Amino acid sequence: MFAAYAARIDADDPLSALELGELPEPQARPGWSVVTVKAASLNHHDLWSLRGVGLPAEKLPMILGCDAAGVDEHGNEVVIHSVIGQSGHGVGPDEPRSILTERYQGTFATRVAVPTWNLLPKPAELSFEQAACLPTAWLTAYRMLFTNAGVKPGDTVLVQGAGGGVSTALVVLGKAAGLRVWVTGRDEAKRARAVELGADAAFESGARLPERVDAVMETVGAATWSHSVKSLRPGGTIVISGATSGPSPKAAELNRIFFLELKVVGSTMGSKEELAGLLSLCATAGVRPVIDSVLPLAEAREGFARLAKGDVFGKIVLNP
């Protein structure tokens with residue numbers, strides 16, 4: 001079957017490690033389902049995999065892709081929850097979490113095998129392309145806001161970095177929940193689009209805000225960390241789910257964190273139950289993921305290149 005996969009590891013030039021071509025079909029096994037992929041979406045995780053982060057060389061070749069929506073062997077339209085346990089039935093308390101493309105082949109292919117437990121019904125209200133955007137970036141945003149941020153309708157949330165998949169999800173979900181949402185970004189056009197999407201205000205990266213916020217949604221990392229800490233009201237919360245600009249800020253801001261009793265909460269992906277909640281929210285409230293573009297799987301390299309350059313607003317979707 002045709003697939004986009006990591007053929008090798010290259011920390012300095014990750015796109016050179018990406019190959020497109022034929023790989024063996026997934027094999028059915030007890031308790032697992034083979035899903036025909038109708039749409040899959042790109043994440044920064046796929047670029048990190050090409051760099052070897054979370055992907056050991058002995059697992060190569062590895063089909064990339066965490067997110068997908070498709071049709072199972074019984075004809076059911078499904079969405080894949082990509083957090084996979086060793087047992088094939090969720091992730092037990094004593095086993096490490098794993099997502100597709102770390103131990104198990106991913107979704108950038110004609111078909112993918114996953115534990116049947118990891119399948120959720122696709123709402124009829126969502127297209128395959130829309131549903132394929134949800135299991136990683138949008139689920140991450142859902143957990144950040146509704147599980148870890150401790151915010152309520154009317155609170156003000158700052159989203160660092162306009163334009164990315166998680167950032168656009170945070171804007172849309174935050175507005176649906178009655179939050180006042182501010183965003184920052186280096187690109188004026190992306191800031192303007194964030195406002196069109198529902199953000200109440202957009203500021204240049206590092207700009208002084210009109211007032212301190214109740215929570216900061218942090219996915220950028222080193223480049224925005226000090227600004228995130230300084231933007232919080234006393235007792236406020238930073239929820240961090242990524243560090244695309246690097247994990248080591250120039251200043252940790254520890255004095256400000258303890259003196260103002262700020263909370264720093266790590267957040268990773270989300271549970272199957274949270275994905276079910278996100279799907280329900282999208283179906284019933286009219287929330288829809290922001291799609292930058294839809295490309296055939298054969299043009300996956302273009303999508304990877306645009307993601308690596310940051311030339312996206314929303315999600316890039318691939319159609320096998």
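Biologist: Which residues is T101 in contact with, leaving aside its neighbours within four places in sequence?
Modeller: This is a predicted model, and in it T101 lies in the loop between β8 (98–99) and β9 (111–115). Contact here means heavy atoms within 4.5 Å. Leaving aside neighbours within four places in sequence, T101 is in contact with H45, S49, L55, M62, I63, L64, G65, C66 and G106.

Biologist: Does T101 count as buried or exposed?
Modeller: The cut-off for buried is under 20% relative accessible area. T101 has a relative accessibility of 0%, so T101 counts as buried.

Biologist: What is the length of the polar contact that joins the side chains of T101 and H45?
Modeller: A polar contact needs a pair of N or O atoms within 3.5 Å. The side chains of T101 and H45 are joined by such a contact, at 3.1 Å.

Biologist: What is the phi of E261, and is E261 buried or exposed?
Modeller: E261 is found in the loop between α7 (254–259) and β16 (263–266). Although E261 is not a glycine, its phi is positive, at about 50°. The cut-off for exposed is over 50%, and with a relative accessible area of 61%, E261 is exposed.

Biologist: Which residue does a cis peptide bond join to L60?
Modeller: The omega of this bond is about -5°.

Biologist: How far apart in space are A202 and V183, C-alpha to C-alpha?
Modeller: A202 is in strand β13 (residues 201–204). Not counting residues up to four places away in sequence, A202 touches V183, R191 and V195. A202 and V183 are 19 residues apart in sequence, and their C-alpha to C-alpha distance is 4.8 Å.

Biologist: Are helices α3 and α4 parallel or oblique to each other?
Modeller: Two packed helices are described by the angle between their axes and the distance between the axes. The axes of α3 (residues 134–148) and α4 (residues 165–176) come within 8 Å and cross at roughly 50°. Angles under 35 degrees count as roughly parallel, and 65 to 115 as roughly perpendicular. The two helices are therefore oblique.

Biologist: How many nonpolar residues does the contact of α3 with α4 have?
Modeller: In α3, residues including W138, Y142 and F146 meet residues of α4, among them V166, L170 and L173. By class, this contact has no charged residues, four polar ones and, as the number asked for, 12 nonpolar.

Terms used:
Residues numbered from 1 in each chain as written. Predicted model: local features only at pLDDT ≥ 70, side-chain atom pairs only at ≥ 80, totals over all residues. Heavy atoms only, no water. Axes fitted to C-alpha atoms, helices over the stretch in contact; angles between N-to-C directions. Helix = DSSP H or I, 4+ residues; strand = E, 2+ residues; numbered from the N terminus. Parallel < 35°, antiparallel > 145°, perpendicular 65-115°, else oblique. Nonpolar A, V, L, I, M, F, W, Y, C, P; charged D, E, K, R; others polar. Buried < 20%, exposed > 50% of the residue type's maximum accessible area, 1.4 Å probe, protein only. Polar contact = N/O pair within 3.5 Å; in protein donor to acceptor, adjacent residues only side chain to side chain.
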